[in-house]
Amino acid sequence: MTETEMTTLAATQKALRDGRITATDVTEAHLKRIAEVDPGIEAWAFIDPDHALRQAGKLDKLRAQGQPIGPLHGVPVGVKDIFDTRDMPTEDGTPLHAGRRTLEDSTVVRLLREAGAVIMGKTVTTELATFQPGKTHHPVDPSRTPGGSSSGSAAAVASGMVPLAVGSQTNGSVIRPAAFCGVVGYKPTRGLISRRGMLSVSRTLDQVGVFAPTVRDAALIAEVLMDADPGETAERLHARSDLLATATSVPPLPPRVAFVRSPLWEQAGASTQEAFAELVDELGESVGTVELPQVFAEAVELHRLIQDPELAVSLAPEYERGKDQLSPRLRAMIESGSEITAAAHIRALARIPVLTRALDAIFDEFDAILTPATPGEAPGIETTGSPVFCTTWSLLGTPALSLPLMTGPNGLPLGVQLVGKVGDDARLLRTANWLWNRIATAA
């Protein structure tokens, strides 16, 4: 592959379609990149170069036979190590699942294969997709965290090891690592992507998300994954969205975004507050400052009352079988979650539609909410960083993106989070692409 063909995913795909390169060429180029940079990042929980090349070879044979090719034909994809893969181990970031194998792919992996993707390997997750860091380092500063829990997925895309990756979010596990690593992280509306065959942490809050270098690329992979799955009990019924076409289209009217500090604004670092003040000033009439209703002050506690008891149930087998092999923080979450009453859990669930409706007035006037993705740049390697600016949107299941539009005082990425109305993902992606192009043009 030439450097031009590797410049963007769109360029790679065009070269594949035109027959100037093969899936094997693309896979070999990315395996070379992995060999060069991963020893210092450690984004992979499992990778088998020979197996990746065998997948690519099969795709090349299909193309040579004149068979139809999918929208991700020959594209290497990293998959967080909580999604079942029939041909690779799925160990969920815990020694309790070491060597675990399954007979079937998760729905996400099946859809990726059907679209022609090369599943390069399994990316590192934190312990059981919670808070205990895995082995992955930040792709720019190895003394810092890449975020979590989808740490390996974000770091692999940020360092060019793969152009696309899949992760999950229960609190801030897509948006936070995307913001820290400087890539696009997209968490669709809850229920649009099947979770079947994915580790369950919280049956209410778990969501699938994706990582990519651009909004266009995030829309591409998300569109592939938004397919109906009768085995997903939490599926949100929806018509198949043309996300990619909408995301890259020109908005019919100039978008307007609502800058929301949220009740958590004091947790943002001084440099983050200053950066957002400059961004709001740059956007001028395209932005309006909006205060969330007071009811949103309870969002973090509501999230805890839902997540922790569901986590305690989901991870009860691991706790009972080997609690001594779990981190102290995870043990504490399981134990405290077990003490939350069913009444408190049900009351918290009932508040989700109340808070969701409270956003209607904002989305009647604005295309998206603009807010920080994280309190600041990536902190030290001993933590995965605070998810506090993601908690409300994880609770409500709204679509959200992190865009790498700013840098902090240490020159590290500072994510800009855009949040959309539930079910209005295409509009959110189009607004995100508009904002990306506007800031890039201004720069």
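The side chains of Arg110 and Glu114 meet in a salt bridge, with 3.0 Å from N to O; the term stands for a side-chain nitrogen of Lys or Arg within 4 Å of a carboxyl oxygen of Asp or Glu. The structure is a predicted model, in which local features need pLDDT of at least 70 and side-chain atom pairs count only at pLDDT 80 or more, while totals for chains, interfaces and linings use all residues. Residues are numbered from 1 along each chain as its sequence is written, and side-chain values use heavy atoms, with hydrogens and water left out.

Arg110 and Glu114 lie 4 residues apart in helix H5, so about one helical turn separates them. Helices (H or I, at least four residues) and strands (E, at least two) are DSSP runs, numbered from the N terminus. An α-helix has 3.6 residues a turn, so residues three or four places apart point the same way. Arg110 is partly exposed at 30% relative accessibility, whereas Glu114 is exposed at 53%. Here buried means under 20% relative accessible area, exposed over 50% and partly exposed in between, for a 1.4 Å probe and protein chains only.

The whole structure contains 17 salt bridges. One of them joins Arg100 to Asp84, with the closest N and O atoms 3.1 Å apart. This pair links distant parts of the chain, 16 residues apart, and both Arg100 and Asp84 sit in the loop between strand S2 (76-80) and helix H5 (107-114). Arg100 is partly exposed, at 29% relative accessibility, and Asp84 is buried, at 12%. Arg144 and Asp141 form another salt bridge, at 3.1 Å from N to O; Asp141 is partly exposed at 22%. A network of salt bridges links Arg86, Asp87, Asp105 and Arg113.

Among the buried residues of H11 are Leu302, Leu305, Ile306 and Leu311. The buried residues of H11 pack against H12 (316-322), H13 (328-339), H14 (342-358) and H16 (388-396).

H11 and H13 pack at an angle of about 105°, with their axes 7 Å apart. Axes are lines fitted to C-alpha atoms, for helices over the stretch in contact, and angles run from 0 to 180 degrees between N-to-C directions. H11 and H13 are therefore roughly perpendicular: angles under 35 degrees count as roughly parallel, over 145 as roughly antiparallel, 65 to 115 as roughly perpendicular and the rest as oblique. The contact (heavy atoms within 4.5 Å) includes Pro309 and Leu311 of H11 and Leu330 and Met333 of H13.

Helix H2 (residues 9-18) meets helix H8 (residues 215-225) at an angle of about 55°, with the axes 10 Å apart, and the two are therefore oblique to each other. Leu9, Ala10 and Gln13 of H2 touch Arg216, Asp217 and Leu220 of H8 in this contact.

Ala247 belongs to helix H9 (residues 243-247) and is buried, at 1% relative accessibility. Its C-alpha atom is separated by 7.2 Å from that of Arg427, 180 residues apart along the chain. Leaving aside residues up to four places away in sequence, Ala247 touches Ala219, Leu429, Arg430 and Asn433.
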